[in-house]
Amino acid sequence: MIELTNVSRRFGEVTAVDRISLTVETGETCVLVGSSGCGKSTTLRMINRLLPHSAGDIRVDGQDIREVDLQQLRLNMGYAIQGTGLFPHWTVARNIALVPQLQGWERARIEARVTELLDMLGLSPAEYADKYPAQLSGGQAQRVGVARALAADPNILLMDEPFGALDAITRENLQNEMLRIQRRLRKTTVFVTHDIDEALRLADRIAVMDQGRILQHDTPDAILRQPASAFVESLVGSQDRGLKLAALQSVAEVMQRHPQPRQAVPEKVSVGAQDSLRQALSVMLWQQLSELPVVDDQGLELGVLTRERLWRETA
Ligand SMILES: Nc1ncnc2c1ncn2[C@@H]1O[C@H](COP(=O)(O)OP(=O)(O)OP(=O)(O)O)[C@@H](O)[C@H]1O
């Protein structure tokens with residue numbers, strides 16, 4: 001668990017972070033979101049003491065971070081940043097192995113870990129382990145950055161706009177990877193972004209920041225349904241709030257199930273159980289249907305989603 005209590009950070013006259021209090025529960029993903037310069041990165045960097053805080057109290061699992069040995073503190077916190085920060089003259093494998101090596105792991109264990117992580121991030125070890133960062137695409141390099149952050153199995157992940165520089169499709173793929181990894185590993189994560197859609201997608205809880213303060217700290221659903229101020233409301237965009245709410249829920253959560261799966265239906269006029277209500281709405285609009293068959297991975301019909309039900313759930 002990470003606890004910030006009345007934490008501030010000043011740079012000369014500028015108060016970058018102004019008396020914020022925030023608790024990130026163990027295993028939870030907290031996303032800090034807000035416009036440029038609102039203090040997100042400063043907040044993140046105070047947690048691993050890249051920046052000392054000027055006032056207040058930061059505790060990790062109950063311990064004041066100022067009292068923890070700096071190397072110990074950092075080894076327990078994976079850190080991934082935009083632009084990756086990979087060493088250009090080191091291979092992918094060596095970059096990923098950085099922290100395990102610092103921790104004195106044996107060579108065979110490090111090699112096995114590098115292979116496991118490359119597999120987990122969807123990069124074939126045979127193809128990528130010996131490449132150099134300049135030989136990777138932006139998305140691949142960012143995957144290696146995430147692998148490096150996870151390498152020594154830290155309890156905490158700190159991620160500063162890790163997907164910020166990527167095109168929309170690569171970004172969405174990496175967000176999906178991130179969700180999959182989080183479901184499996186359940187790291188306590190603080191993730192910084194200025195993209196509200198990324199925040200809504202990845203967060204258990206979102207902290208909306210403005211001018212060094214936290215304006216609202218809540219679940220994505222509550223941020224959308226009950227924005228605490230006009231600023232938060234403008235950030236989530238009042239016009240397409242319905243679509244954003246629909247994107248948070250899966251079809252499986254609201255469909256009406258058949259007692260038994262039925263025969264396969266064509267992909268064009270159906271929706272997958274794991275798809276979002278937003279995707280279902282899109283198919284309904286496009287195909288002019290008021291009821292959609294819901295299918296499993298094999299295309300078998302599991303149930304139906306009606307327009308009335310979808311309307312009710314996103315209201
Ligand atoms: N090293 C520094 N020296 C002086 N001022 C700084 C320093 N680092 C940050 N600031 C100031 O602190 C404020 C918060 O910066 P911070 O980088 O935390 O914002 P941010 O929300 O992460 O922004 P961005 O999304 O653009 O990275 C800004 O006004 C910034 O100019």
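This is a short tour of the structure, one selection at a time.

The model is predicted.

**Stop 1: the two domains**

Select residues 2-238 and colour them. That is domain 1. Now give residues 249-313 another colour, for domain 2. How far apart are the C-alpha centres of domain 1 and domain 2? They lie 34 Å apart.

**Stop 2: around the ligand**

Select Phe-11, Val-14, Ala-16, Gly-34, Ser-36, Gly-37, Cys-38, Gly-39, Lys-40, Ser-41, Thr-42 and His-194. Two elements give two or more residues to this shell: strand S2 (14-24) and helix H1 (40-47). Which element gives the largest share? It is H1, with three residues. Next, colour the shell by residue type. Four of its residues are nonpolar, seven are polar and one is charged.

**Stop 3: helix H1**

Is H1 enclosed or open? Eight of its eight residues are buried, so the helix is largely enclosed by the rest of the structure. Click through them in turn: Lys-40, Ser-41, Thr-42, Thr-43, Leu-44, Arg-45, Met-46 and Ile-47. Then step past the end of the helix to Arg-49. This residue follows H1 and has a positive phi, near 60 degrees.

**Stop 4: the largest nonpolar core**

Nonpolar side chains tend to be buried together in soluble globular proteins. Here the largest nonpolar core has 68 residues. Select Val-31, Ile-96, Ala-147, Leu-158, Val-190 and Val-208, which touch the most other members. Which helix gives the largest share of this core? Select residues 138-150 to see helix H7, which supplies six residues.

Now centre on Leu-158. Leaving out residues up to four places away in sequence, Leu-158 touches Leu-44, Ile-47, Asn-48, Met-77, Gly-78, Tyr-79 and Val-190.

**Stop 5: a four-stranded sheet**

Switch to a cartoon view. Find the open sheet whose strands run in the order S11-S14-S13-S12, with mixed pairing. Which strands stand at the edges? They are S11 (256-264) and S12 (271-272). Each has a single partner strand, so one side of each is left without a neighbour in the sheet.

Zoom in on S12 and strand S13 (residues 291-295). These two pair in the parallel sense over two bridges. Select Val-271 and look across to S13, where its bridge partner is Val-294.

**Stop 6**

Select Asn-95, in helix H3 (residues 92-96). Is Asn-95 buried or exposed? It is buried, with 23 other C-beta atoms within 10 Å. Apart from neighbours within four places in sequence, Asn-95 is in contact with Leu-86, Phe-87, Trp-90, Val-144 and Arg-148.

Last, select Glu-233, in helix H11 (residues 230-236). Glu-233 is partly exposed, with 15 other C-beta atoms within 10 Å. Beyond its neighbours within four places in sequence, Glu-233 is in contact with Pro-227 and Ser-238. Now draw a line from Glu-233 to Ile-223. They are 10 residues apart in sequence, and their C-alpha atoms are 8.3 Å apart.

Key. Residues numbered from 1 in each chain as written. Predicted model: local features only at pLDDT ≥ 70, side-chain atom pairs only at ≥ 80, totals over all residues. Near = placed C-beta within 6 Å. Nonpolar A, V, L, I, M, F, W, Y, C, P; charged D, E, K, R; others polar. Domains from an automatic or database assignment. Core = buried A, V, L, I, M, F, W, Y, C linked by C-beta atoms within 7 Å. Buried ≥ 20, exposed ≤ 12 C-beta atoms within 10 Å, placed from the backbone. Contact = placed C-beta atoms within 7 Å. Pairing = 2+ DSSP bridges.
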